[in-house]
Amino acid sequence: MTSAAAQGEEASPIVVPQFITTEWVIELQARLDQLTRNPSNLKWVLTKQVVRAILERAEGLLKNDSTLVELELTDPAATVSVVGDTHGQYHDVCGLFSAAGYPSESSYFVFNGDFVDRGAWGLETLVLLLCWKLALPHRVFLLRGNHESATCTMVYGFKEELKAKYGKAVWQDVYNPCKRVFCVLPLAALVQRNTLVLHGGLFRSQPRSAKVPKNKRKRGNPVLLGGAPIVGTLDDLRGASRGGMDPSGLGSSRLASDVLWSDPTSTPGFEFNISRGIGMTFGPDVTERFLRDNNLRLVLRSHEGPDAREGRDDMGPMTAGYTLDHDTPCGKLYTVFSAPDYPQFVAEESERCHNRAAVAVLSAPDYATPRMVQFDAALPRPEAQCYYQLEIPGSDEEFEPASSDLSGMSSVTVSVAASEGSVGQAGGCSSVDLRSDGGAEAEAAGEVTQQQQQRGGAEEGEQQEPAPKRARAARMATADGAAAEVAHAEVNAAKDSSMQAEQCTAQRGAEEQGALHQPEPGAEPQGDPQSKLSTVLELFQGVLPGDPSSDGSKENAQGNELPEETEGLQVQTSKAVHAHELLV
């Protein structure tokens with residue numbers, strides 16, 4: 001082929017056949033590799049029509065997969081390769097196929113979420129993996145990660161990547177079907193009844209909803225029966241919601257949030273994940289009980305890269321691409337991470353991790369003894385643009401405690417006890433902190449300290465010296481769990497609306513009592529815990545989007561239309577529901 005002919009072939013639009021074959025997908029992999037090196041051709045070669053066609057076909061296929069995908073293998077020669085986070089590092093995805101082989105009739109693949117964000121080629125990675133799913137729908141399975149959500153893609157680059165690659169007039173035509181695909185991704189896979197694969201970690205049992213007559217239901221106030229957290233079961237997974245656009249921890253999305261955000265620890269117990277602000281932490285005792293009660297031998301999870309493990313002295317480093325986190329009499333729990341030399345972009349003053357990556361390969365007879373296939377980064381990578389702010393907390397650097405909440409998902413913290421089933425000393429409006437200062441770390445013991453109560457009443461923007469415990473928590477938080485300084489205008493608008501809603505709530509309560517007065521600054525609200533809880537929940541009713549009982553309206557408490565970017569901030573109410581579960 002002449003040079004001109006090769007250039008013409010490289011620039012010709014990709015055409016998706018009616019029946020996608022493995023040979024076509026391998027050819028597509030090479031075409032996408034060319035586009036990463038010549039990005040100016042992308043929107044002409046990988047057109048929005050082609051991307052939408054792939055996404056829509058994949059969405060229909062993924063809907064048919066159960067929330068818990070159950071693989072029953074009859075061929076003793078068959079293997080199952082479990083791939084961890086890939087984070088838009090396209091060339092490393094190609095490298096993992098070189099190391100572990102391509103999917104085939106006898107080679108199953110489970111991709112364990114976090115396909116996009118951070119890396120420069122999230123779109124190319126997502127398209128390639130979805131095409132593998134279309135080619136081998138019963139051999140390739142894609143699970144949801146915490147980055148397959150509107151909020152994370154707004155903060156960590158995927159949204160901006162699409163804007164840069166397709167332009168302001170077209171990008172939404174690609175982004176919207178991507179989000180629809182994220183919503184239908186399964187949460188977990190069960191291999192040969194022995195091994196459970198899920199992105200983050202173990203989860204609480206589904207909350208029981210109190211029966212409330214329809215005419216008595218109040219928007220924004222879910223009624224859940226509280227108590228000590230109980231680890232869920234496979235049946236909970238089978239019947240769970242996939243979480244919607246942004247699993248927030250509210251109501252039926254609670255299990256999905258736990259699956260996507262939870263982390264293992266070396267300390268026994270099952271507690272709220274304070275460092276992330278969402279999900280749970282679980283010790284080896286919880287893993288052992290989960291394995292025993294569900295007749296399992298192995299759990300494979302992902303979610304934590306080398307940056308997330310930096311500063312976590314209780315857990316092994318992710319330099320090899322995998323760690324054995326829990327080794328119990330009933331079985332084991334591993335973390336598998338498949339993005340080498342992660343993250344792709346680092347701040348100038350930061351050191352690279354130079355980590356290896358791994359794929360866990362399961363084989364007969366039990367599919368519960370993983371063989372770790374390691375591989376290195378495909379370097380040098382083509383020059384590329386970083387689509388998110390490297391200064392966002394979690395990029396292996398310290399950050400001001402008043403800037404944001406460690407969760408990365410919330411700009412509102414509710415000062416309640418960290419463990420379910422116990423109630424802190426502070427309640428009501430005084431325990432709502434709208435400054436997003438990540439003050440939840442000191443509540444790990446299940447108490448609200450005097451220092452936090454004083455900080456809750458401090459003026460917005462007040463700078464404080466980080467305590468050693470806070471600094472360590474900051475280092476422990478991953479970029480996923482770090483609070484983004486993205487969209488400050490939108491967050492401030494939400495906070496302003498919340499403050500206005502608080503004032504309106506206080507005024508309405510005073511009018512009902514027949515005595516309208518202005519409370520003194522710093523005064524503690526009076527009333528029983530239930531009335532205080534109602535006040536807390538009313539602060540969020542209609543102010544922040546994403547209320548599971550809402551009708552989809554994008555208006556705040558004053559009826560003003562919210563900016564588009566606030567769509568992804570629906571998870572800001574996640575801690576409010578934890579306050580609700582603790583106090584009822």
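User: Are phenylalanine 97 and phenylalanine 111 buried or exposed?
Analyst: Keeping in mind that this is a predicted model, phenylalanine 97 and phenylalanine 111 are both buried.
User: How many aromatic pairs does a search of the whole structure find?
Analyst: The search of the whole structure turns up eleven aromatic pairs. One of them is formed by phenylalanine 97 and phenylalanine 111, which sit edge-to-face, with 6.3 Å from centre to centre and 75° between the planes.
User: Which parts does that pair tie together?
Analyst: Phenylalanine 97 belongs to helix 5 (residues 90-100) while phenylalanine 111 belongs to strand 3 (residues 107-111), so the pair ties together parts that lie 14 residues apart in sequence.
User: And what about phenylalanine 203 and phenylalanine 290, what do they form?
Analyst: Phenylalanine 203 and phenylalanine 290 form an edge-to-face aromatic pair, at 5.8 Å centre to centre and with 80° between the planes. This pair links distant parts of the chain, 87 residues apart, since phenylalanine 203 is in the loop between strand 6 (195-198) and helix 10 (234-238), and phenylalanine 290 is in helix 12 (residues 284-293). Phenylalanine 203 and phenylalanine 290 are buried.
User: Going back a bit, which residues form one aromatic cluster?
Analyst: One aromatic cluster is made up of Phe97, Tyr102, Phe109, Phe111 and Trp132.
User: New topic: how many disulfides does the structure hold?
Analyst: The structure holds zero disulfides.
User: Why does cysteine 94 count as buried?
Analyst: Cysteine 94 counts as buried because its relative accessibility is 11%, and the cut-off for buried is under 20%. Cysteine 178 also counts as buried, at 0% relative accessibility.

Key:
Residues numbered from 1 in each chain as written. Predicted model: local features only at pLDDT ≥ 70, side-chain atom pairs only at ≥ 80, totals over all residues. Heavy atoms only, no water. Phe/Tyr/Trp six-rings, centres within 6.5 Å; stacked < 30°, edge-to-face > 60°. Helix = DSSP H or I, 4+ residues; strand = E, 2+ residues; numbered from the N terminus. Buried < 20%, exposed > 50% of the residue type's maximum accessible area, 1.4 Å probe, protein only. Disulfide = S-S within 2.5 Å.
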